[in-house]
Amino acid sequence: MRRSLSAVLAGLLCLAGAFGPAVAEPKHAIAMHGEPALPADFKHFPYVNPDAPKGGRIDYAWSGTFDSINPFIVQGSAARGTLDLVFGYNVFDSLMQRSSDEPFTLYPLLAKTVETDDDRTFVEFTLDERARFSDGQPVTPEDVIFTIELLRDKGHPRYAVTAKKIGKMEKVGERGLRITFRQPDRELPLILGLMPILPKQATDAERFDKSTLKPMIGSGPYRLESVRPGDSITLRRNPDYWAKDIPSKVGFDNYDEIRLTYFRDENAMFEAFKKGLVDVFIDGSSGRWKHDYDFAAVKRGDVVQETFKTQLASGMFGFVMNSRRPQFQDRALREALVSLFDFEWANRNLLSSAYTRTKSFYDNSELSSFERPASEAEKALLAPFPDAVTPEVMANGWRPPASDGSGRDRDFLRVGFDKLKAAGYTIEDGRMVDKNGAPLAFEVMLKGQDSQQLAMAWQQTLARLGIDVTIRSVDAAQYQQRLNQFDFDVIAFAYPSSLSPGVEQVARWGSAARDQQGTWNFAGAANPAADALIDTLLKARDRDSFIQAVRAYDRVLMSGSYVVPLYFLPEQWVARWSRIKHPEKTPIYGYQLPTWWREEK
């Protein structure tokens with residue numbers, strides 16, 4: 001039987017799809033790995049209340065001060081709230097909106113479609129014809145090009161890192177912008193999708209890199225209404241906000257007014273919260289959370305304490321050893337020192353027993369290697385580097401020795417002492433010395449009083465084995481200068497993690513960053529296995545391959561003993577006055593303040 005011409009053509013097209021690269025086409029969303037969870041006709045994100053009432057004012061608080069409202073530049077201390085990752089209220093919209101219920105997926109905002117090829121050699125955004133800045137002017141491809149070039153030349157250096165990966169930018173049609181990359185980059189389309197866009201016609205490019213208190217024009221849901229330098233800023237919802245009804249913004253931006261007041265310290269902030277001058281208090285103190293919420297408003301039910309469970313990766317907070325220092329070049333010594341932090345004592349006596357010991361750079365998430373035997377895929381990735389991961393970490397992840405919490409556990413000390421002996425150290429005249437008789441001694445540099453009690457706890461444990469640790473607290477300027485120059489033995493530092501670690505890992509643990517001052521490779525790591533796995537995770541196309549690469553990478557970092565892991569909180573603590581409400585569902589990234597609303601009795 002003869003087949004029609006259309007059927008033959010359809011068959012040929014199917015074969016082309018099966019054996020050739022997928023044809024790029026505009027889509028409503030883009031995921032770092034795999035496909036977006038929500039279809040093109042989604043109505044709203046699953047973690048919002050689409051019927052949340054609008055109106056009223058929210059009062060937030062922040063510790064410190066500010067002298068600028070430009071969040072894009074190095075100069076000055078910019079106020080929170082104009083481009084904010086804590087409170088989430090922005091004067092400036094980005095090309096696309098991130099979903100907080102997926103590891104790394106973007107949905108429409110200024111751009112209504114996104115297009116890229118299978119290798120991600122380019123990205124093309126098509127702007128929504130309705131998109132407007134707060135002065136009523138349309139958002140154009142020229143504004144996007146202007147923003148990328150301006151931030152590259154006069155913005156924070158992180159913008160230049162992104163812009164330097166761009167080979168060409170060209171306008172396509174009336175509302176399209178095609179950005180071609182210098183080389184394929186799977187993450188770059190999403191990084192550009194999160195780029196906040198500035199209006200070319202209303203931005204002073206000449207003086208952009210200078211601190212300012214003059215309100216800037218953006219395309220976001222709020223406009224900066226007033227600024228009291230160093231004291232507070234007030235934002236007011238734009239009644240003509242162009243995106244208020246698009247699916248990725250339904251249920252967001254529910255207050256008419258947002259006021260952010262600065263306080264000298266957290267204690268002053270908490271006192272203001274107790275008096276009702278602040279509506280929401282994000283608490284990070286285990287002692288305060290457990291013991292200080294006994295005031296009248298709590299007893300009346302007017303103040304509510306809430307704990308939010310997340311699936312966020314823990315990140316790594318710990319003491320980072322600088323392997324550029326001769327003694328810390330020895331992994332066996334670093335491993336011994338890692339085993340000698342008495343977490344059980346510190347948690348009981350310093351942290352109100354509220355925290356969990358960190359056992360992975362991605363603890364509390366599917367990316368963690370803790371209590372997971374290495375898969376066959378991981379073993380294949382690690383095969384070229386047989387010494388990069390210890391047998392114990394390969395078998396079940398890293399597990400630290402635990403003490404009885406008394407501070408005098410001899411069995412706990414014995415574990416560390418045996419590791420020191422294996423590394424070639426002995427005790428002579430009460431001092432721990434190496435094979436040449438040189439005493440084991442180092443300095444922990446801290447910024448002000450940050451982490452001082454934890455450093456002292458480690459110092460006391462190490463002193464029991466004859467290790468001489470000094471603690472030096474320096475001011476913020478000196479700390480930053482020495483940090484930039486890697487001029488320290490040990491520091492306390494927190495590496496944040498997401499559910500989609502990416503190119504930032506190069507600057508943290510890549511060999512290329514070891515000698516680049518100003519990067520976050522504080523440990524001085526130059527590990528070929530880490531380099532190879534960073535490259536693998538950056539090129540992963542599906543979620544499972546990505547997870548396997550990150551777990552293998554986690555094993556390499558944990559086996560390297562670059563950091564003495566301290567602790568993390570597997571939940572979020574937030575106190576609020578009962579007039580502030582929130583949706584029932586908590587997404588994987590935790591509470592989302594822009595979806596909350598005010599509801600008076």
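The model described here is a predicted one. The two strands belong to an open sheet of 4 strands, in the order 5-6-8-7 and with antiparallel pairing. Strand 5 (111-116) and strand 7 (166-172) stand at its edges with a single partner strand each, so one side of each has no neighbour in the sheet. Helix 2 (residues 141-154) lies across strand 6, strand 7 and strand 8 (176-181), and runs at about 160 degrees to strand 7.

Another open sheet has 3 strands in the order 12-23-13, again with antiparallel pairing; its edge strands are strand 12 (280-283) and strand 13 (303-309), each of which pairs on one side only. Strand 13 and strand 23 (residues 571-577) are joined in the antiparallel sense over 7 bridges, and valine 303 has tryptophan 577 in strand 23 as its bridge partner. Helix 5 (residues 266-274) packs on this sheet, where it touches strand 12, strand 13 and strand 23, and its direction makes about 140 degrees with that of strand 12.

Which residues of helix 14 are buried? In helix 14 (residues 476-484) they are Tyr479, Arg482 and Leu483. Seen down the helix axis, these buried residues fall within an arc of 105 degrees, so they line one face of helix 14. They pack against strand 18 (441-447), strand 19 (468-474) and strand 20 (490-495). At the N-terminal end, helix 14 is capped by aspartate 475, a side-chain oxygen of which lies 3.2 Å from the backbone nitrogen of alanine 477, while just after the helix phenylalanine 486 takes a positive phi of about 55 degrees.

The largest nonpolar core holds 96 residues, of which Phe273, Phe319, Leu420, Phe442, Trp458 and Trp509 touch the most other members. Helix 17 (residues 543-560) supplies the largest share of this core, 9 residues. Leaving aside neighbours within four places in sequence, tryptophan 458 is in contact with Phe319, Leu337, Leu340, Phe341, Phe442, Val444, Val490 and Val564. A second, separate core of 66 residues includes Tyr159, Leu192, Tyr262 and Val574.

Methods
Residues are numbered from 1 along each chain as its sequence is written. This is a predicted model: local features need pLDDT of at least 70, side-chain atom pairs count only at pLDDT 80 or more; totals for chains, interfaces and linings use all residues. Side-chain values use heavy atoms; hydrogens and water are left out. A nonpolar core is a set of buried Ala, Val, Leu, Ile, Met, Phe, Trp, Tyr and Cys residues joined through side-chain atoms within 4.5 Å. Buried means under 20% relative accessible area, exposed over 50%, partly exposed in between (1.4 Å probe, protein chains only). Contact means heavy atoms within 4.5 Å. Two strands pair if DSSP finds at least two bridges between them. Axes are lines fitted to C-alpha atoms, for helices over the stretch in contact, and angles run from 0 to 180 degrees between N-to-C directions. The arc is that of the directions from the helix axis to the C-beta atoms. A polar contact is a pair of N or O atoms within 3.5 Å; within protein, one must be able to donate a hydrogen and the other to accept it, and residues adjacent in sequence count only if both atoms are side-chain atoms.
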